[in-house]
Amino acid sequence: IDVVIFDHNLTPSQIHNLEKELKRKVIDRTEVILDIFATHARSGPAKLQVELAQLEYNLPRLAKMWTHLTNEQQRGIGMGQRGPGEKQIEVDRRLARRRITDLKRQIEQQQRQKQREVESRSSRNFTVSLVGYTNAGKSTLMNALTEAEVLVDNRLFSTLDTRTRLWNLNSGVPVLLSDTVGFIRHIPHGLVTSFHATLEEVSQADLLLHVVDASHPEREEQIKAVEEVLAELQCKETPTILVFN
């Protein structure tokens with residue numbers, strides 16, 4: 001065994017103590033999710049949002065990278081002065097904070113632009129957003145309703161960017177239908193914050209179609225997880241229809 005993965009969010013000290021005890025690299029739930037997001041990020045906005053979430057996650061964990069130098073200092077190397085590990089940690093933290101500030105500025109600009117675009121569309125059309133647990137079948141439903149031919153992949157978080165297509169109802173009324181990033185239980189708060197611009201369609205939608213994988217044995221827990229994220233996005237009062245796939 002080379003790596004031990006915990007299905008929980010761990011603090012930096014917990015990871016340090018577990019690695020010391022197990023003599024193996026330890027990864028928590030958040031790091032796994034961030035790695036998957038980083039792999040699937042394709043657009044510029046998605047890459048910025050993932051990078052921000054990764055930096056905010058890694059910032060309090062930078063010290064772990066320099067423990068070998070700290071140990072040398074404790075054994076007497078560099079006594080009486082700050083060791084190279086401590087100096088490098090300070091440099092890394094300063095660079096990380098500077099990059100975080102820059103990313104937040106860029107994402108805030110994108111969010112304002114996205115909000116204007118969504119509000120402009122919403123003022124002219126009835127808007128519907130597809131929401132649901134990751135891999136529940138949102139993109140498949142969007143293709144069936146709009147013939148959009150968006151990517152359908154049997155993988156977690158295959159959709160990170162919102163796609164909006166025209167959906168012509170049988171009555172002839174045009175509706176704007178948006179496919180959004182899938183949710184997951186215990187989703188890191190930093191991810192919700194980072195992807196707020198991407199989720200603007202959800203916040204502004206007139207109606208939510210909550211897609212549920214009816215065959216999944218944990219569908220009730222998945223429904224609850226999605227509802228928790230919607231509450232965090234302040235969409236709890238938005239009219240919602242459950243769609244069982």
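**Entry 1: the sheet**

I take two strands as paired if DSSP finds at least two bridges between them. The model I am looking at is a predicted one. With that rule I looked up the sheet and found five strands, in the order S4-S5-S3-S6-S7. I noted that the sheet is open and that its pairing is mixed. Strands of a sheet pair through backbone hydrogen bonds, either parallel or antiparallel.

Which strands are at the edges? I found strand S4 (163–168) and strand S7 (240–244) there, each pairing on one side only. From one strand to the next, I have the twist down as 25 degrees on average.

**Entry 2: S3 and S6**

Strand S3 covers residues 126–132 and strand S6 covers residues 207–212; the two run parallel and are joined by five bridges. For Val 128, I looked up the bridge partner in S6 and found Leu 207.

**Entry 3: helices across the sheet**

Which strands does helix H6 lie across? I listed S3, S4, strand S5 (174–179), S6 and S7 for this helix, residues 138–146. H6 runs at about 40 degrees to S4.

I looked up helix H9, residues 219–232, in the same way. H9 lies across S3, S6 and S7, and I noted an angle of about 150 degrees to S6.

**Entry 4: H2 and H3**

Next I turned to helix H2 (residues 29–40) and helix H3 (residues 44–58). Their axes are 10 Å apart, and I noted a packing angle of about 155 degrees. Angles over 145 degrees count as roughly antiparallel, and H2 and H3 are therefore roughly antiparallel to each other. The crossing of H2 past H3 is left-handed.

Which residues meet? From H2 I listed Thr 30, Glu 31, Leu 34, Asp 35, Phe 37 and Ala 38, and from H3 Val 50, Ala 53, Gln 54 and Tyr 57. I sorted the residues of this contact into six nonpolar, two polar and two charged.

**Entry 5: residues 93–120**

Last, I checked the record. UniProt, in an unreviewed entry, lists residues 93–120 as "coiled-coil region". In the model I found this stretch to be 100% helix and 0% strand. I noted 40 Å between its end C-alpha atoms.

Conventions
Residues are numbered from 1 along each chain as its sequence is written. This is a predicted model: local features need pLDDT of at least 70, side-chain atom pairs count only at pLDDT 80 or more; totals for chains, interfaces and linings use all residues. Side-chain values use heavy atoms; hydrogens and water are left out. Helices (H or I, at least four residues) and strands (E, at least two) are DSSP runs, numbered from the N terminus. Axes are lines fitted to C-alpha atoms, for helices over the stretch in contact, and angles run from 0 to 180 degrees between N-to-C directions. Contact means heavy atoms within 4.5 Å. UniProt positions are given in the numbering used here, feature names are shortened, and annotations may be inferred rather than shown by experiment. Angles under 35 degrees count as roughly parallel, over 145 as roughly antiparallel, 65 to 115 as roughly perpendicular and the rest as oblique. A crossing is left-handed if the near helix is turned anticlockwise from the far one by less than a right angle, and right-handed if clockwise. Ala, Val, Leu, Ile, Met, Phe, Trp, Tyr, Cys and Pro count as nonpolar, Asp, Glu, Lys and Arg as charged, and the others, Gly among them, as polar.
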